[in-house]
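Please examine the protein shown below.

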Amino acid sequence: EKAGPTLRLYTWAPPCLSLGRGQPVDDADRGALRAVGYDLVRRPTGGRAILHIDEVTYSLIVPHDDPRVLGSVVESYRRLSGALIRALEHLGVPDIEADQRVDAGAEEGPVCFEAPSDYEITAGGKKLVGSAQMRAQGVVLQHGSIPLQGDIGRICPLLAQHPDPDRVRARATTVERAIGRRVDWREAAAAVITGFGQALNLELSAGNLSEREQATAERLRREKYGTETWNNTI
């Protein structure tokens, strides 16, 4: 039996650098990652590198024929962004934008938060949420990262090119910097739950992974996502 639409909120232990599906593994400085004890994984979605630390990570899985994700990827992406905007508004984040197109000629680096993509969420002109979507086997997956606090530029020493952290700090922000106070994971997660419920007209109920879901996740980790073959594909 398949699970219904599911919103998962989680954090990472230890912190982890994730690469986009088509990003070269050589973008990561694996020696630097080992030195600080951080993991390295490759996401099934596209985009550039994200350091998962001091954040709320969300994952939404919905059948492709659900009215909330009908239409093109861009249409559903913008609809789901409305839920994230509601969440950030609950936290008091001002000056939110999520309806901007990005210059196709803009310079692209190895850091996801170095610049927003089309229709990604910014606060005060700086990128605040990094999200990506994919569709496969009749299911839509959208997941993303909401940095809560800490130095948004600390990803840079973990990348082979060692990009300029000041450039990232100038273009990206955290919830703490946006609102001037620290927000812990539980407060942020509660806001995300409220935002998705209100924006998408959902009644969310708490639940745990079933035994079958746990077994499937472990098998996928062992046979695919935790393997060197997957992480070193490119």
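**Salt bridges, cores and a pocket**

A salt bridge joins the side chains of Asp54 and Arg154, with 2.8 Å from N to O; the term stands for a side-chain nitrogen of Lys or Arg within 4 Å of a carboxyl oxygen of Asp or Glu. Asp54 belongs to the loop between β4 (50-52) and β5, and Arg154 to the loop between β10 (139-147) and α3 (165-171), so the pair ties together parts that are 100 residues apart in sequence. Helices (H or I, at least four residues) and strands (E, at least two) are DSSP runs, numbered from the N terminus.

The model is predicted: local features need pLDDT of at least 70, side-chain atom pairs count only at pLDDT 80 or more, and totals for chains, interfaces and linings use all residues. Residues are numbered from 1 along each chain as its sequence is written, and side-chain values use heavy atoms, with hydrogens and water left out.

How open to the surroundings are these partners? Buried means under 20% relative accessible area, exposed over 50%, and partly exposed in between (1.4 Å probe, protein chains only). Asp54, at 30%, is partly exposed, and Arg154, at 25%, is partly exposed as well.

The structure holds 15 salt bridges. In one of them, Glu176 pairs with Arg182, the closest N and O atoms being 3.6 Å apart. Glu176 is partly exposed at 23%, whereas Arg182 is exposed at 55%.

Another salt bridge links Glu218 with Arg221, whose closest N and O atoms are 2.7 Å apart. The two residues are three places apart in helix α6 (residues 211-225), so about one helical turn separates them. Glu218 is partly exposed, with a relative accessible area of 34%, and Arg221 is partly exposed at 47%. Both take part in a network of salt bridges that links Glu218, Arg219, Arg221, Arg222 and Glu223.

Thr227 is found in the loop between α6 and α7 (228-231). With a relative accessible area of 18%, Thr227 is buried. Not counting residues up to four places away in sequence, Thr227 touches Arg221 and Arg222; contact here means heavy atoms within 4.5 Å.

The next topic is the interior. A nonpolar core is a set of buried Ala, Val, Leu, Ile, Met, Phe, Trp, Tyr and Cys residues joined through side-chain atoms within 4.5 Å. The largest one has 30 residues, and Leu88, Val93, Val175 and Phe196 have the most contacts inside it. At least two residues of this core come from each of β5, α2 (73-91), β10 and α5, and α2 gives the most, with six residues. Leaving aside neighbours within four places in sequence, Val93 is in contact with Leu88, Ala123, Leu128, Val175, Ala178 and Ile179. Apart from this core lies another, of 21 residues, among them Leu40, Ile53, Cys112 and Ile155.

Finally, the second largest pocket has a volume of about 700 Å³. Its lining has 27 residues, and those closest to its centre are Thr6, Leu7, Arg8, Ser205 and Gly207. On a 1 Å grid over the protein atoms alone, a pocket is an open set of points where a 1.4 Å probe fits, with protein on both sides within 12 Å along at least five of seven lines; lining residues have an atom within 4 Å of a point. The volume is the space filled by probe spheres set on the points. β1 (6-10), β5 (55-63) and α5 (185-199) each supply at least two lining residues, and β1 gives the most, with four.
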